[in-house]
Amino acid sequence: MSGNSVIKLQGVDVYQQKHLVLNNVNLHIDKGEFVFLIGQTGSGKSSLLKIIYGDLHIGNGEGQVAGFDLKKLAERDIPFLRRKLGIVFQDFQLLTDRTIEQNLEFVMKATGWKDKKLISERIRDVLEKVGLRSKIKKMPHELSGGEQQRVVIARALLNDPELILADEPTGNLDPDTSEEIVTLLKQISLSGTSVLMASHDFHIIRKFPTRIIKCEGGHVHEDVTI
Ligand SMILES: Nc1ncnc2c1ncn2[C@@H]1O[C@H](COP(=O)(O)OP(=O)(O)OP(=O)(O)O)[C@@H](O)[C@H]1O
């Protein structure tokens, strides 16, 4: 993979079951890039993200993500690929029966962290990054929707990912909170982590001018304007 690419897909066909959703996909995303992914409902955005995080296998074509060759990706490699990725989806998926700290600790232990001191430091570090250090002992229900989404972003940052995949991360949020979340993702990209964010929210997309890719008619179009 060329030194600066985090995602490189060449001639990839994306199938859901036997249905060809996207045909001959070519996509490059560089280190530190912030990119929007748009397209109508059913156009294939989630399927494309699934290819990138190893939830769907590539048919034809070649693909590399964070140094992993998607063609050679075996079941046992997937957890290692996922550790290079931060995944931020619309439904916040925090565990409701434990504090923010315990939510983050749970993920760290599941991804192989053992040293208590390092775990504690890393949790404080990522919460600081998303501006929620003071909420560490709170339960998820004591946080607003925007704050919960920030915790999900903090959780995605725990393993210092090369790429954040965000599927409609502002879908449940009001316009001001949505802007705050995208501002945060933009800042994260400036520190070197690429961000690919699927969105239907044209207000947000116009507010943050950046590269836009679009799923349409079974194809992925790079560099579209809206
Ligand atoms: N598990 C599945 N099995 C079969 N077909 C599927 C499956 N998931 C999605 N599809 C089909 O693949 C196509 C693309 O769906 P996908 O979810 O990728 O679209 P999308 O652009 O993410 O839509 P949305 O904006 O509504 O989330 C649709 O025609 C959908 O019906």
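This is a predicted model: local features need pLDDT of at least 70, side-chain atom pairs count only at pLDDT 80 or more; totals for chains, interfaces and linings use all residues.
The model contains an open sheet of six strands, in which the pairing is mixed and the strands follow the order β6-β7-β8-β3-β9-β10. The edges of this sheet are formed by β6 (residues 85–89) and β10 (residues 219–221), and because each of these has a single partner strand, one side of each is left without a neighbour in the sheet. On average, and with direction ignored, neighbouring strands of the sheet are turned by 15° against each other. At the edge formed by β6, this strand runs parallel to β7 (residues 163–167), to which five bridges join it; Val 88, for instance, has Ala 166 in β7 as its bridge partner.

Two helices that pack on the sheet can be described in turn. Helix α1 touches β3 (34–38), β7, β8 (194–198), β9 (211–216) and β10, and its direction makes an angle of about 155° with that of β7. Helix α6, which comprises residues 175–190, touches β3, β7 and β8, and its direction makes about 150° with that of β8.

The ligand is surrounded by 13 residues, of which Gln 16, Thr 41, Lys 45, Ser 46 and Ser 47 are the closest. Two elements, β2 (19–30) and α1 (45–52), each give two or more residues to this shell, and α1 gives the most, with three residues.

Notes
Residues are numbered from 1 along each chain as its sequence is written. A residue is near a molecule or strand if its C-beta atom, placed from the backbone, lies within 6 Å of it. Helices (H or I, at least four residues) and strands (E, at least two) are DSSP runs, numbered from the N terminus. Two strands pair if DSSP finds at least two bridges between them. Axes are lines fitted to C-alpha atoms, for helices over the stretch in contact, and angles run from 0 to 180 degrees between N-to-C directions. Two residues are in contact if their C-beta atoms, placed from the backbone, lie within 7 Å.
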